[in-house]
Amino acid sequence: MPNPNRGSCGFQSTEFEQEYERPSKSELKRQMTALQKLGAELIAEPRDRVKRVPMPEDVRDAILECQLIKDHEGRRRQLQYVGKKMRTLEEHELAAIQKMLDSWKGASKSETASLHAIERKRDKLLSDDKVLTQLLADHPHLDAQQLRTLIRNARKEQAENKPPKAYREIFQILKSLQAPAEQPKDEEDDVEED
């Protein structure tokens, strides 16, 4: 049976407790580690994306420099330097960087979902001829003969375990149908030039 008095010191005074006006060392270390992780996320991104992030030049240069370093110890030290540079940023600058990273993560998730949807559509196209009829009805500008040939070749490639050349071509055609807003602009430019 537990003792109810155990741990009790007999008085309830806050006379001896110290109050700090600044964050503790542990809290400061957590903040520094979080900023270093934010810098590491930026280092993991492609160089052209990092160049678009709104941040001071010295921080951007430190991040781009770290991306070039291949040596483990040198990269680790440069990452610490990036963390030090990140600590010089204001709250609104850090918020803008975090917002940009979050938008990239969301965009990549939506892109991945879109590509998976195209793959499912391609698989349905290969398994059922009615899907091809529906696709041609929805997109009359497609070359029906070319699509039938690609589907036949893709089925043959799968049956014979050959490299999926036609399979990939079908994917590219379906992918081009997903972004119709970009294609008419190019076609209009071609018409205006003629």
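Colleague: What should I know before we start?

Modeller: This is a predicted model, where local features need pLDDT of at least 70 and side-chain atom pairs count only at pLDDT 80 or more, while totals for chains, interfaces and linings use all residues. Residues are numbered from 1 along each chain as its sequence is written, and side-chain values use heavy atoms, with hydrogens and water left out.

Colleague: How do you know which parts the predictor is confident about?

Modeller: Look at pLDDT, the predictor's confidence in each residue, from 0 to 100. The protein chain averages 81, and 80% of the residues score at least 70.

Colleague: What makes something a helix here?

Modeller: Helices are DSSP runs of H or I with at least four residues, strands are runs of E with at least two, and both are numbered from the N terminus. This protein chain has 9 helices and 0 strands.

Colleague: How do you know that the length of helix 3 agrees with what it should span?

Modeller: The expected span is 1.5 Å times one less than the number of residues. Helix 3 has 12 residues, so it should span 16 Å; its end C-alpha atoms are 17 Å apart, which agrees.

Colleague: Why is Gln 78 called buried?

Modeller: Buried means under 20% relative accessible area, exposed over 50%, and partly exposed in between (1.4 Å probe, protein chains only). Gln 78 has 16% relative accessibility, so it counts as buried. Gln 78 belongs to helix 4 (residues 72-86).

Colleague: What does Gln 78 touch?

Modeller: A contact means heavy atoms within 4.5 Å. Leaving out residues up to four places away in sequence, Gln 78 touches Ala 62, Glu 65, Cys 66 and Ile 69. Ala 62 and Cys 66 are among the buried residues of helix 3, and the buried residues of that helix pack against helix 1 (25-44), helix 2 (47-52) and helix 4.

Colleague: What makes you say that Arg 122 sits over the ring of Tyr 167?

Modeller: The rule wants NZ of Lys or CZ of Arg within 6 Å of the ring centre and within 35 degrees of the ring normal. The charged end of Arg 122 is 3.6 Å from the centre of the Tyr 167 ring, and it is listed as sitting over that ring.
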